[in-house]
Amino acid sequence: MTENYLALLEESLRKKLQVMAEIEKYNLRQQEVFRSENVEIERFDEYVEEKGRLIDKLTALDSGFEKLYAKVAEQLEGNREKYTVQIRTLKALVTEVTDVGVRIQAQEARNKKLVEDYFRKEKENIRIGRKSSRAAIGYYKTMNQSAVVPPQFLDSKK
């Protein structure tokens, strides 16, 4: 029975690694979106949605793993040496999951900076555009007012 639980824990960790690998791929795709010349926000949004689904899947796997581990932990108390190989495998997988998690966090931080930089530039472009528009409107108003100069040398004795 315990061996079955340990096998399920191992399978759960392997599935988690697969989902995390998919998340890494989407992180790289998001990075490509903001590093390209023509930023496609719609594509970025699609990637965010897909990553959301993957994160939900990851959360479900975590929850299942924790519940299963709680059951197995009780049964392993006195029999750890009997399951040494499986425990070693699980430890290695947990270490790998942790490493991938750290990589994903680093990717997320880099992507966050890229997104912030993009929106900062866009905001600056909008600000510059507004300034230019105001200057053009001011110039237009000034020119319209200066065009209505009454004649200076008009013979008004007719």
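**Exercises on salt bridges, a pocket and a charged patch**

The structure, which is a predicted model, holds eleven salt bridges.

**Exercise 1.** Determine which parts are tied together by the salt bridge of Asp62 with Lys16.

*Solution.* Begin with the distance: the closest N and O atoms of Asp62 and Lys16 are 2.3 Å apart, and the criterion for a salt bridge asks for a side-chain nitrogen of Lys or Arg within 4 Å of a carboxyl oxygen of Asp or Glu. Then place the partners: Asp62 belongs to helix α2 and Lys16 to helix α1, so the pair links parts that lie 46 residues apart in sequence.

**Exercise 2.** Identify the element that gives the largest share of the lining of the largest pocket.

*Solution.* Start from the space in the largest pocket, about 200 Å³. Its lining includes Leu6, Phe65, Tyr69, Arg80, Ile87 and Val94, and the elements that contribute two or more residues to it are α1 (2–35), α2 and α3 (84–146). The largest share, five residues, comes from α2.

**Exercise 3.** Find the residues that form a negative surface patch, and locate Glu46.

*Solution.* The patch consists of Glu42, Asp45, Glu46 and Glu49; of these, Glu46 is located in helix α2, which spans residues 41–76.

Terms used: Residues numbered from 1 in each chain as written. Predicted model: local features only at pLDDT ≥ 70, side-chain atom pairs only at ≥ 80, totals over all residues. Heavy atoms only, no water. Patch = residues over 30% accessible without salt bridge, like charges linked within 9 Å, V, L, I, M, F, W, Y side chains within 5 Å. Areas by Shrake-Rupley, 256 points an atom, 1.4 Å probe, with all protein chains shown as cover. Lys, Arg positive; Asp, Glu negative; His and termini not counted. Charge placed at Lys NZ, Arg CZ, Asp CG, Glu CD. Helix = DSSP H or I, 4+ residues; strand = E, 2+ residues; numbered from the N terminus. 1 Å grid on protein atoms, 1.4 Å probe; cavity = no way out; pocket = protein on both sides within 12 Å on 5 of 7 lines; lining within 4 Å. Points joined across faces, edges and corners; volume = space filled by probe spheres on them.
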